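We will go stop by stop, with something to click at each one.

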Amino acid sequence: MELVESFLSIQGEGKYAGRLAVFMRFAGCNFNCVGFGVKQEKNGQKLIGCDTIRAVWTKEFAKEYKNLNAKELFARVLELKQKSNPIVVITGGEPLLHYKKAEFIAFIEALLSENLEVHFESNASIEIDFKQYPIYKKCVFALGVKLENSGVSREKRLNFKALKAFKEHAKDSFYKFVLDAKNLEQEKEEILEIIKETPNEIFCMPMGANFDELASNALSVADFCIKNGFNYTDRLHIRLWNDKEKV
Ligand code: SF4
């Protein structure tokens, strides 16, 4: 399994914001959200995408990844957590690209057998077969369904069957939408369409990969949440550490 990075921090977003968390970031994504407009240069090449370009552009960053098996991944979590009891956040990229892999399942099994809470951060476009892989019923899923502002096509980003499966079978799941203050009305229509089809708890968070971008969207998104009866979630890691990686 290709691990991009791992670290102990706090969960910055969503329903579990503020919780002490070990982050395990795996390489690979089935999208590239150019709409988020984060720019990075690598080996003279200009890349554009989201705030985890290093997990998405796998060819460009391959040399920086660590190839670890289930045992080594589990050992890394134990080393990071020491004697504390954090949640373990499995993120990417899109971590569910790996959900059928034996090494990945063995890693999740090891975490659960240690009574650790396992939380996935997913774009929710991949449907888990919960019947064949019941281990995922014991996990929590933050469903970061992408809206039009991500730049990803509608056919790719909306998988209502997958959303229903998470809601029905996971230990817990909730939506986490990224909103751009410039497009709130259109984004509201998209959110309403999604929850009409597959109801679940909603958390809206402001777009922004650094402190200034976040600050320019946050207040409008908070007002929008209050007006529409949605939950607001900030991005605590950006408030605290700006655009620093591995926090
Ligand atoms: S789905 Fe998530 S990780 Fe993948 S490109 Fe979009 S924002 Fe980045």
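Two residues are in contact here if their C-beta atoms, placed from the backbone, lie within 7 Å. This is a predicted model, in which local features need pLDDT of at least 70 and side-chain atom pairs count only at pLDDT 80 or more, while totals for chains, interfaces and linings use all residues. Residues are numbered from 1 along each chain as its sequence is written.

**Stop 1: glycine 93**

Select glycine 93, in the loop between S6 and helix H4 (102–113). Helices (H or I, at least four residues) and strands (E, at least two) are DSSP runs, numbered from the N terminus. Leaving aside neighbours within four places in sequence, glycine 93 is in contact with Arg25, Phe26, Ala27, Gly28, Cys29, Thr52, Ala55 and Val56.

Is glycine 93 buried or exposed? A residue is buried if 20 or more other C-beta atoms lie within 10 Å of its own, exposed if 12 or fewer, and partly exposed in between, again with C-beta atoms placed from the backbone. Glycine 93 has 26 C-beta neighbours inside 10 Å, so it counts as buried.

UniProt, in an unreviewed entry, gives Gly93 the feature "binding site". UniProt positions follow the numbering used here, feature names are shortened, and annotations may be inferred rather than shown by experiment.

**Stop 2: threonine 52**

Now click threonine 52, which sits in the loop between strand S4 (45–49) and helix H1 (53–56). Not counting residues up to four places away in sequence, threonine 52 touches Gly92 and Gly93. Threonine 52 is buried because 22 other C-beta atoms lie within 10 Å. The unreviewed UniProt entry places a "binding site" feature at Thr52 too.

**Stop 3**

Select Cys29, Cys33 and Cys50 together; UniProt lists them for "binding site" (unreviewed entry). They are spread over 22 residues of sequence yet cluster in space, with a largest C-alpha distance of 11.0 Å.

Zoom in on cysteine 33, in the loop between S2 and strand S3 (38–42). With 24 C-beta neighbours inside 10 Å, cysteine 33 counts as buried. Setting aside residues up to four places away in sequence, cysteine 33 touches Gly49, Cys50, Lys146, Ser150, Gly151 and Val152.

Cysteine 50 is in the loop between S4 and H1, and counts as buried with 23 C-beta neighbours inside 10 Å. With the residues up to four places away again left out, cysteine 50 touches Cys33, Phe36, Val38 and Val56.

**Stop 4: the ligand**

Which residues surround the ligand? Select Cys29, Phe31, Asn32, Cys33, Gly49, Cys50, Thr52, Val56, Gly92, Gly93, Glu94 and Asn123. A residue is near a molecule or strand if its C-beta atom, placed from the backbone, lies within 6 Å of it.

Colour this shell by class to find five nonpolar, six polar and one charged residues. Ala, Val, Leu, Ile, Met, Phe, Trp, Tyr, Cys and Pro count as nonpolar, Asp, Glu, Lys and Arg as charged, and the others, Gly among them, as polar.

**Stop 5: the open sheet**

Switch to a cartoon view. An open sheet of nine strands has the order S5-S1-S2-S6-S7-S8-S9-S10-S11, with mixed pairing. Strand S5 (66–67) and strand S11 (231–232) stand at the edges with a single partner strand each, so one side of each is left without a neighbour in the sheet. Two strands pair if DSSP finds at least two bridges between them.

Select S2 (residues 20–26): six of its seven residues are buried, so S2 is largely enclosed by the rest of the structure. Strand S1 (residues 2–10) pairs with S2 in the antiparallel sense over seven bridges, and leucine 8 stands opposite valine 22 in S2. S2 also pairs with strand S6 (residues 87–91), in the parallel sense over five bridges; there, arginine 25 has threonine 91 of S6 as its bridge partner.

Step on to strand S7 (residues 118–122), which pairs with S6 in the parallel sense over three bridges. Here valine 89 has histidine 119 in S7 as its bridge partner.

**Last stop: a hairpin**

Finish with S3 and S4, which pair in the antiparallel sense over five bridges. Glutamine 40 has leucine 47 in S4 as its bridge partner. The hairpin has two residues between the strands, and asparagine 43 takes a positive phi near 50 degrees.
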